[in-house]
Amino acid sequence: MRPLNLTVISHSCVLPANQRVWAKVIALDPGISLRLIAPLRWKSSLHGPLQFAPLPALAGQATGIRVYWSGNLHLHTYSDLGPALTQEVPDILFLDEDPHSLVGWQILGIQAIMSFQTIITLKQNVPKRYPFPFSLIERALFRSTSAAAATSEECLAVARQKKYHQPGMVVHYPIDTRTFRPAEPEPSGADRPFRIGYAGRLVPEKGVADLIRAVGQAQARHPVELHITGTGPEERHLRALAAEQPGLADRVHWTQTPHDKMAPWYQSLDALVLPSHTTPRWKEQFGRALGEAMACGKPVIGSDSGFIREMIESTAGGLLFPEGDVGALARAIGRLADDANLCRELGERGRQRVLELYSVDAVAGKLIELIRSVPV
């Protein structure tokens, strides 16, 4: 039996770390012949300018191609995508981009002259309406695709509202559970404040102001430290807010931790908080920091915005509070600070369920199931 030729197009795979799940796919299913296409260069809002580098396990199977409008999620296009696909026409093309993007338009044009099946990804959990021509691209891909990988049940439901009628499966973002793992426990009797952390953008919708106020309330009864890593336009305002909280000014620590140093940062915490707010145009799509912290064996606290509820309920690794409710968040922080056994139980459960649902192996298995469900 000849191999199944699979081509994956993904701007996020400019980073070797994001290629790991595809290396695991072909390791678990040798009957899949993979070709991975990513931008040769990419301007990342989080990581800065990036140069494509293939994962050693994908040497000869991963290719970087020049893109126009690098860094723009919806407007970037590949310069030589047609010729690249004609070298070996795929049986299935997996498009890891939004279906309303210009790359989607490129795929529609190429599919009109080549014969292959398409799997798209569904990442929008808010039912947005896009202007022409993006709305047209999305509708056309919804009609022509064979299947879809949705990053959450909510994303699949939004696509159904927008008349996506083809098969769909929830395939979560993967968490690197080998890098993000528990550290050796601290010596017993360590006398220090309870360490709460936040990792992410410093923007209003992330709710960091709520977290600062909640820690200000909680530390009146419990010694609490707040560790914040990230940057964004709200940083100056948030620093000023922290300085205004009685007794909190010297208990808030600010860093900009690179992603390859995040595992020790999570390991240094007692709990992680993601207090996001829903807006008319956005709500939390995944909350990677929650998964990475749980993979490190840490309990988490999250608002009920977007995917946060689904992640915490599916893992049983943390506590939920109503978004925007500073008092409820303060009480959740106090509850963990008072109960070391609860922290340990939540951390152990969260780690185990992240391994089962979000590890690279688990996500690769779901991808194989979806890919093999498409008739070729």
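Helices here are DSSP runs of H or I with at least four residues and strands are DSSP runs of E with at least two, each numbered from the N terminus. The structure is a predicted model, in which local features need pLDDT of at least 70 and side-chain atom pairs count only at pLDDT 80 or more, while totals for chains, interfaces and linings use all residues. Residues are numbered from 1 along each chain as its sequence is written, and side-chain values use heavy atoms, with hydrogens and water left out.

Helix H9 spans residues 288-295, and seven of its eight residues are buried, so the helix is largely enclosed by the rest of the structure. Buried denotes under 20% relative accessible area, exposed over 50%, and partly exposed in between, with a 1.4 Å probe and protein chains only. The buried set consists of Ala289, Leu290, Gly291, Glu292, Ala293, Met294 and Ala295. These residues pack against E12, helix H8 (262-267), E15, strand E16 (300-303), helix H10 (307-315) and H12; contact requires heavy atoms within 4.5 Å.

## The six-stranded sheet

E12, E15 and E16 belong to an open sheet of six strands with the order E14-E13-E12-E15-E16-E17 and parallel pairing. Two strands count as paired if DSSP finds at least two bridges between them. Strand E14 (252-255) and strand E17 (318-321) are at the edges with a single partner strand each, so one side of each has no neighbour in the sheet. From one strand to the next, the twist averages 20°.

Within this sheet, strand E12 (residues 194-199) and strand E15 (residues 271-274) are paired in the parallel sense over two bridges. Gly197 has Leu272 in E15 as its bridge partner. Helix H6 (residues 208-218) lies across E12, strand E13 (224-229), E14 and E15, and runs at about 165° to E13. Axes are lines fitted to C-alpha atoms, for helices over the stretch in contact, and angles run from 0 to 180 degrees between N-to-C directions.

## The seven-stranded sheet

Another open sheet has seven strands in the order E5-E2-E1-E8-E9-E10-E11, and its pairing is parallel. Its edge strands, E5 (62-65) and E11 (168-170), each pair on one side only. Strand E1 (residues 4-9) and strand E2 (residues 32-39) run parallel and are joined by six bridges; Ile9 stands opposite Ile37 in E2. E8 and E9 pair in the parallel sense over four bridges, with Leu93 opposite Thr118 in E9. E9 and E10 likewise pair in the parallel sense over four bridges, and Leu122 stands opposite Ala150 in E10. E9 is mostly covered, with five of its six residues buried.

E8, helix H3 (residues 102-111) and E9 form a right-handed β-α-β unit. From E9 the chain crosses through helix H4 (residues 134-144) to E10, again in a right-handed β-α-β crossover. Right-handed here denotes a clockwise path from the first strand over the helix to the second, with the strands pointing away from the viewer.

## Helices across the sheet and the nonpolar cores

Helix H1 (residues 20-28) lies across E1, E2 and strand E8 (92-95), running at about 170° to E2. Helix H13 (residues 360-372) lies across E1, E2, E8, strand E9 (117-122), strand E10 (147-150) and E11, and runs at about 175° to E11.

A nonpolar core is a set of buried Ala, Val, Leu, Ile, Met, Phe, Trp, Tyr and Cys residues joined through side-chain atoms within 4.5 Å. The largest such core has 66 residues, of which Leu6, Ile9, Trp22, Phe94 and Leu122 touch the most other members. H13 supplies the largest share of this core, seven residues. A second, separate core of 59 residues includes Trp265, Ala330, Ile333 and Tyr358. Leaving aside neighbours within four places in sequence, Trp22 contacts Leu6, Val8, Cys13, Leu34, Leu36, Phe94, Leu367 and Ile371.

## The H11-H12 pair

The axes of helix H11 (residues 326-338) and helix H12 (residues 340-357) come within 5 Å and cross at roughly 100°. That makes H11 roughly perpendicular to H12, a class covering 65 to 115 degrees, whereas angles under 35 degrees count as roughly parallel, over 145 as roughly antiparallel and the rest as oblique. At this crossing, Arg335, Leu336 and Asp338 in H11 meet Ala340, Leu342, Cys343 and Leu346 in H12.
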